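Please consult the sequence and structure shown below while reading.

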Amino acid sequence: MKKTPFDLAIPVEDISSCVSCGLCLPHCPTYRATQEESASPRGRIALMRQAQRDSSIDDAFVGFMDSCIQCRGCETACPAAVPFGSMMEKTREALATQTSYQPRWRRFGYSFLGKPRLLRLGSIGLAVLQRLRMVPRRLPLPKLPFVQKALIDSGSDVWLYTGCIMDAWMRETHLSAQRVIESTGAGVKFPLKGASCCGALHVHAGLAPEARALAKKTMASFPGEAPILVDSAGCGAQLKAYGELVGTEEAEVFSRRVMDVHEWLAERLEQLPTTQEPRPKVVVQDPCHLRHVQKAHESVHQVLEQYVDLIHLNDDGLCCGAGGAYATFHPEVAKEVRERKLSLIRSVEAEEVASANPGCLLHLQAGGVRVRHPLEIIDGLLTRES
Amino acid sequence: MPEEISPEVLAFATEIGSSGLVTVAGGRTQWTVGGSPLEGVREVTAPSGIWAYEPEEMTVRCGAGTTLQELSAALSKYGQMVPFDLSPSATVGGALAVGRSGYRRLRYGHIRDFVLQVRHIDHKGQVVSAGGPTVKNVSGYDLCRLMVGSLGKLGCLAEVTLRCLPIPQTSKWLTGRQDPFDVFAKLYRPSAILWDGDQVWVCLEGVSSDVEAQSDLLDLEETAVPPRLPDRGRMSLAPKALKTFDRPSGNWVAEVGVGVVHMEQPNADPAISNINLSLMRELENRLDPGGRFNPGRKVLSE
Amino acid sequence: MQKSLQDNLFSDLQTLLGERARDGDFELGLYGKDGSVLEGRPSIVCLPQSTSEVQEIVKICRRYDTPFLARGSGTGLAGGAVPIGEPVIIATAKMNKILEVDLDNRIAWVEPGVLNLDLSNELLPLGFHFAPDPSSQQVCSIGGNVANNSGGPHCLAYGVTSAHIAALEVVLPDGQIAQFGDLTADGAGYDLRGLFVGSEGTMGITTRIAVRLTQNPPEVRTLLLDFADVRDGAAAVSAIIAAGLIPAALEMMDKRAIEIVEAFVNAGYPTEADAVLLVELDGLPGGVEYGVELVRSVATRHHVGNVRVAADEKERALLWKGRKNAFGAVARIKPDYYLHDTVVPRGKLVEVLEKVYRIADAHDLIAINVFHAGDGNLHPILAFDSSEKGVLERVHAAGRAIVTASIEAGGVLSGEHGIGLEKRDYMGMLFSAHDMATQDLVREAFDPDGFANPLKVLPTGSRCSDSFGQHVPDGAWV
Ligand SMILES: Cc1cc2nc3c(=O)[nH]c(=O)nc-3n(C[C@H](O)[C@H](O)[C@H](O)COP(=O)(O)OP(=O)(O)OC[C@H]3O[C@@H](n4cnc5c(N)ncnc54)[C@H](O)[C@@H]3O)c2cc1C
Ligand code: SF4
Ligand code: SF4
């Protein structure tokens, strides 16, 4: 295979921290789907090492890197604290800048995410096609609305981050989150104009400069010191990483204000209203960016347990295969990874699945199970009672 | 710097020498298994004696000619045992060469899994060590397992090191009429379940409260002794096959959960596939090219 | 290998396997290593999905006079799966189905690529498990366990892999398929099954395995004992066993290990202690209760500090998580480690441990000890940074000294990791030339031409049939 020069600069102490023990393998969704070393964390690290040593790569290398979901399940499993996420991000960035890894059309697609108006227009277009049954059912799309309910501030105790696609497609979730937050007596404020995409998908794709530009816009739309609550695990993880991404004091301070909305609620369990509603049986799916990156999945469990009988899956938080844009670009692997999760879900007796990340939620839903955001489930129980 | 070989073993090697047909006699308790050796073959006996016993290590090294009685006398002083469950006059080497476990195999496993190290004398009259003296060891090929059940056809066992177990605090036999497979399913790691097609005997071991609680699960009466095991024939089945097997004529007692049937009736050896047979012959030819050991006796039937 | 020959070999394998035969530069690099620090390079990697594919691969290799090598999950620590002499790698990872669970016979038939913990998890609702539980159990394959006769913490009471394998389907080095052992109690003829277990892939490739199932214990109790002096801890180990108790597991960690592990799992290990013992008792409630009290009283006699009994399953899992991740966690203090595996009589633990520390000091290395104390199975870890000049020589010298010290204390070369490539040249420390020649005779009965995993287990000199003749290349020691 043809080799092309490649300059990969991962710090030695990071790349040599892997002792190739393999303990991460079973926690890697792509290894689980393929049983191939090249689709495993240990393998990908060895490949990076080889690329760095030889200063050259081939197409196979690009494929192996591209097949990583960046779920970072391997980080949780790794006893040696190998910083896999950041190594993979550096590799993707080098690929995006030195090769045709991110072709024009893809970059164009990503740039959409930072433009709320265009995104909104596009979504309405999709909504029309959906009603005309011209969008295949298996695509991970929710039922898209023509008209959106307005987001109305109710105070200024906390910010609620709204994001890009999620706001265009799943605004109901934000409204549920707002009501649950308000039920503790706090007032919610929505971001100022200019906030848009968090840039997570861009970072994953290796488009760090684009992500930085988005970060700056986003940071500017949350003035003050109030905590910034996030109801999407993927966005939350990215906002918490602005410190590293942007590298300024201001970004550090911003990141420290970010909390997953469940983390904030878990600190206020006694303020949450009670209900007489029967407790449904709910199986919880831990989104990777909540469990492996933010390590905040237990707060979702704590909050949900106030209202439902919670069932956990015995898979150490193995990824469901959604992975932001991953399912779009790697539908086969994503589906195979999802199948494993679905069969586990089907093996337990539950009425529905709770997922605190919109990407996972849509991906699982497209697999044919009922999935809602934890706060939508709780909001449903609370409003049913009143 | 491999370990030094004891003078008894070296003397045994000299006795066996490098030529002539040889058979090792143990306690003659299972002398006819595999057939009797040819007339006139020189008969030798392996050295005997407990050579190293460290109760804290739970390991014992002894001459292959040591009788089980001697062995258990030494071990029981420290509350330990090796669960051979064979005739007391059998020798350790003989028991291993024949390789038939006792009736408590259900709990303690096959006797070959108690063997840590074996020294045997090969066809050249030289000492060969395999395995190691510690309770755990994966250094090199596992010739110890190969030697167990080899009927002395691959070499003469001279010295063995065994792993010991603590003697259980309580040991109790129960008997009566109850479905043996039902009994098997109910109990947690019983020591033995024997069944003669009508009556069932169960051996429970452990601390007394557990033994009591386990016996309460059954519909059986306490008894002093296990049944006598017929010893003229022996059939080896899969545990499940006992549910449906063709019952032999005459008395028989089966080990439920294990699959061994002890019978009055002698029976034919099980068949060996051609591939395995040729591998086994390769082993015989390589380890005893002149066919010096135990001529007449056969592990592999024609 | 000649270029054209290699091309033909590859194209034959490709015809058989399609895209599951690989020779890409990057991918070959991936299969050059296992969990050890050794490295080689295969000529081709094959990813078969069935016994018959394995058989065909072996036959094709034989046609091209090319050696081959089975690989499971590549977690072996003795370099058993490291390809030397450009063999074809036969990776079993895709053969990962549990074929049959047969509770009447208390066995399960599995393919070799099934992961150890996956099997036990699958059996959990049925009330059974596969007893050998190497610390790598979440990822190591059953085929690898068989090949290395692997052990684990719970093998103290339950025995190592060999005691838990009823039967094996094997593709022999000449391409024939055989079955060793069966489900009957005694089997027929010589114990080929017992010989194959632990043969590290040099007698063929196992493609189907009947593992014995062990009942899950009704009661389990896990205790963490801390000691202000490692000597007291080691003495307590011997005393517990001497008191007539065989715990399900009896593990020890020294001070450094405790610190490193605690930083990773936050299990509340006492970082001020000099050593901790992790003791597990299982079985029927009476026996477990009796055991807990006995351990308590023995430990008290040996100046135990705290005795912590895990309150629930969660705490128990946390205590074990620390132990099972200890090796990897070492990488937090140094990027590389060299893990040794020797066994000494329990009574010599203290003596040998102290020697290990002295040896490490003398070679300017850090030694960390976390090991299966109950069966005297030491795992000294030498932590180092391979970018330091000359460090590898020191690591190897220290390693040799540790192995020597263990054998002098009446121990053996390896308790569970096997000999592989790493220790084959140490075999002479434990065995005489004649012992090794006899072992080689046995191996040759299976593989007279040395095609299966060449250059492993026995040192070059002891074999009559090293047809691939090379010595271990220096480059392998990276
Ligand atoms: C963190 C860590 C902890 C560990 N802890 C333990 C422990 O507690 N106890 C222990 O015993 N080991 C331990 N090990 C070592 C290792 O995990 C075991 O030896 C394991 O059994 C190897 O399995 P594998 O699938 O990775 O085999 P591999 O490393 O892939 O192969 C090992 C050997 O098996 C052969 N082989 C593999 N599959 C087959 C097959 N189908 N047929 C024939 N030969 C085959 C290979 O050729 C090779 O020689 C540990 C390793 C690590 C990294
Ligand atoms: S980030 Fe996820 S997909 Fe990528 S290597 Fe790690 S575990 Fe595998
Ligand atoms: S990434 Fe971590 S867990 Fe995976 S092989 Fe490397 S050190 Fe082991």
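Leaving aside its neighbours within four places in sequence, which residues is A:A350 in contact with? Once those neighbours are set aside, the contacts of A:A350 are A:K281, A:V282, A:V283 and A:I311. The model discussed here is predicted. The points below begin with this residue and then turn to the ligands, the chains and a pair of helices.

**Residue A:A350**
- A:A350 is placed in the loop of chain A that runs between α20 (331–347) and β9 (352–355).
- The relative accessibility of A:A350 is 32%, and because this value falls between the limits of 20% and 50%, the residue counts as partly exposed.
- A:A233 stands 117 residues from A:A350 along the chain, and 23 Å separates the C-alpha atoms of the two.

**Surroundings of ligand 2**
- Ligand 2 is surrounded by 13 residues, the closest being A:C28, A:C68, A:C71, A:R72 and A:C74.
- Two or more residues of this shell come from each of the elements α2 (29–34), α3 (41–54) and α5 (73–77) of chain A.
- Sorted by class, the shell around ligand 2 comprises eight nonpolar, three polar and two charged residues.

- Around ligand 3 lie the cysteines A:C18, A:C21, A:C24 and A:C78, together with A:V19, A:S20, A:G22, A:R42, A:I45, A:P79, A:A80 and A:V82.
- The shell of ligand 3 consists of nine nonpolar residues, two polar residues and one charged residue.

**Contacts between chains**
- Two pairs of chains are in contact, and the most contacts are shared by chains B and C.
- Chain A and chain B have no contact with each other, and their closest C-alpha atoms are 21 Å apart.

**Helix pair in chain C**
- In chain C, the axes of helix α1 (residues 3–17) and helix α3 (residues 51–63) come within 10 Å of each other and cross at roughly 165°.
- Because this angle is over 145 degrees, α1(C) is roughly antiparallel to α3(C).
- The crossing in which α1(C) passes α3(C) is right-handed.
- On the side of α1(C), the contact is made by C:L9, C:D12, C:L13, C:L16 and C:L17.
- On the side of α3(C), the contributing residues are C:E53, C:E56, C:I57, C:I60 and C:R63.
- By class, the residues of this helix contact are six nonpolar and four charged, with no polar residue.

Methods: Residues are numbered from 1 along each chain as its sequence is written. Chains are lettered from A and ligands numbered from 1 in the order in which they are written. This is a predicted model: local features need pLDDT of at least 70, side-chain atom pairs count only at pLDDT 80 or more; totals for chains, interfaces and linings use all residues. Side-chain values use heavy atoms; hydrogens and water are left out. Contact means heavy atoms within 4.5 Å. A residue is near a molecule or strand if one of its heavy atoms lies within 4 Å of it. Ala, Val, Leu, Ile, Met, Phe, Trp, Tyr, Cys and Pro count as nonpolar, Asp, Glu, Lys and Arg as charged, and the others, Gly among them, as polar. Helices (H or I, at least four residues) and strands (E, at least two) are DSSP runs, numbered from the N terminus. Buried means under 20% relative accessible area, exposed over 50%, partly exposed in between (1.4 Å probe, protein chains only). Axes are lines fitted to C-alpha atoms, for helices over the stretch in contact, and angles run from 0 to 180 degrees between N-to-C directions. Angles under 35 degrees count as roughly parallel, over 145 as roughly antiparallel, 65 to 115 as roughly perpendicular and the rest as oblique. A crossing is left-handed if the near helix is turned anticlockwise from the far one by less than a right angle, and right-handed if clockwise.
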